[in-house]
Amino acid sequence: MTRVFSGIKPTGHLTLGNYLGAMRRWAAVDQHRADGLFCIVDLHALTVDHDPARVRRLSRQAATLLLASGLDPELCTLFVQSHVDEHTRLSYVLECVATDGEMRRMIQYKEKAAREQGRGGSVRLSLLTYPVLMAADILAYGTDEVPVGDDQAQHVELTRDLAVRFNQRYGQTFVVPRATHPGVAARVMNLQEPTSKMGKSDDAGPGIVYLLDEPDVVRKKVLRAVTDSGREVVYDREERPGVANLLEILAACEGGDPGELSGAYASYGALKKAVAEAVVEVLRPVRERHRELCSDPAYVEGVLRKGAERAREMARPRVDAAFRAIGLLPPV
Ligand code: ATP
Ligand code: MG
């Protein structure tokens, strides 16, 4: 069976971008057709300035929201990265295969490092090495496919390079994974700044729709979305990024093709109203199920405990094999 691994960082409240670009497909498609591992990658949340209590809270919330969006622990493995030591064990070994130059070329590193510096902060070494830990997350499980949005494509490419390099140098150890693309909604843009991605760790603002926003808040944010000059509703990502983003969100929520959908709306106002209602409807069942699950924290904990046990069993043999292949003496 195809093995799929994907993760989400507890760096902020989950957004519509996370849902349409990742979570929804994990639940609706991936967990049914593949052996799916879905991970709250909490170690990655420590790569930027963070509040420890908030990371813990967001990790629990992300797990609850993943269950609320339909992940079924009978069908897939849902767990927290820091509960499975194999990730950091393997990360170190892969750091011995990756190069400094490779890390510095990562677009997300450049963007996030610039942001930290812009805020007057310093750049953590872990932000630079983060793609190696991500490679370890993926390679530890013999992953075949990594469903990710556009923003993570470069990191999956690096993961492939590291796997190939390790296999060539030290013997066949890792499966070389490939990224799979969500199609529509691969890159949901910020409603106020439609040339930037909607990201959960960005400063909160009206351009970001959070999964737990009240319906009226969602409506307000969508109705205030920045649109482009002109009046006609046409789908053009380059010239009309604001309208294109709304059409893509609509297509992701209701099905269909953004270009074809554009013909159905006579004005930006009509389009925004349709998008607002579509988003409210898509998020409604997630919010409801989330509320139910919040009243049963022991259930969520049990899922994470079993998930970590299962993940550990899957990862350990391959990580042990990598230790032996690279020259480490097995414990006696
Ligand atoms: P951060 O700002 O901390 O990087 P993020 O919102 O980008 O947070 P991640 O935890 O980095 O979220 O990514 C989780 C998953 O959500 C990944 O598969 C990623 O590709 C996807 N994703 C993130 N943002 C978007 C977006 N705006 N549109 C579509 N997919 C997205
Ligand atoms: Mg991201």
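User: How many bridges join strand 2 to strand 3?

Analyst: Pairing is read from bridges. In this predicted model, strand 2 and strand 3 (residues 76–80) are joined by five bridges. The two strands run parallel. To see one bridge, find L37, whose partner in strand 3 is T77.

User: Which strand is joined to strand 2 by six bridges?

Analyst: Strand 1 (residues 3–8), and this pair also runs parallel. Look for R3, which stands opposite D35 in strand 2. Between strand 1 and strand 2 the chain passes through helix 1, again in a right-handed β-α-β crossover.

User: Is strand 2 largely enclosed or open?

Analyst: Count its buried residues. A residue is called buried when 20 or more other C-beta atoms lie within 10 Å of its own. Strand 2 covers residues 35–40, and five of its six residues are buried, so the rest of the structure largely encloses it.

User: How do side chains point along a strand?

Analyst: In a regular strand, they alternate between the two faces of the sheet.

User: Which residues does UniProt list for the 'HIGH' region?

Analyst: Residues 10–18, given as a short sequence motif in the unreviewed entry. In the model, the end C-alpha atoms of that span lie 12 Å apart. The span is 33% helix and 0% strand.

User: Is T2 buried or exposed?

Analyst: Exposed, because T2 has 12 other C-beta atoms within 10 Å, and a count of 12 or fewer is called exposed. T2 sits in the segment before strand 1. Setting aside residues up to four places away in sequence, T2 touches A34, D35, D144 and E145. T2 and L139 are 137 residues apart in sequence, and their C-alpha atoms are 14 Å apart in space.

User: Where is G327?

Analyst: In the segment after helix 12 (297–326). G327 is exposed, with 9 other C-beta atoms within 10 Å. Compare sequence and space again here. G327 and Y170 are 157 residues apart in sequence, and 8.7 Å apart from C-alpha to C-alpha.

User: Now the whole chain. What domains is it divided into?

Analyst: Domain 1 takes 3–181 + 297–326, and domain 2 takes 215–292. Their C-alpha centres lie 30 Å apart. The contact between them takes six residues from domain 1 and six residues from domain 2.

User: Which helices each supply at least two residues of the side of domain 1 that touches domain 2?

Analyst: Helix 1 (16–33) and helix 2 (52–68). Helix 2 gives the largest share of that side, three residues.

User: How many residues of that side of domain 1 are nonpolar, polar and charged?

Analyst: Sort them by class. The side of domain 1 that touches domain 2 has four nonpolar residues, two polar residues and no charged residues.

Methods
Residues numbered from 1 in each chain as written. Chains lettered and ligands numbered in written order. Predicted model: local features only at pLDDT ≥ 70, side-chain atom pairs only at ≥ 80, totals over all residues. Domains from an automatic or database assignment. Contact = placed C-beta atoms within 7 Å. Helix = DSSP H or I, 4+ residues; strand = E, 2+ residues; numbered from the N terminus. Nonpolar A, V, L, I, M, F, W, Y, C, P; charged D, E, K, R; others polar. Pairing = 2+ DSSP bridges. Right-handed = clockwise from strand over helix to strand, strands pointing away. UniProt positions renumbered as here; feature names shortened; annotations may be inferred.
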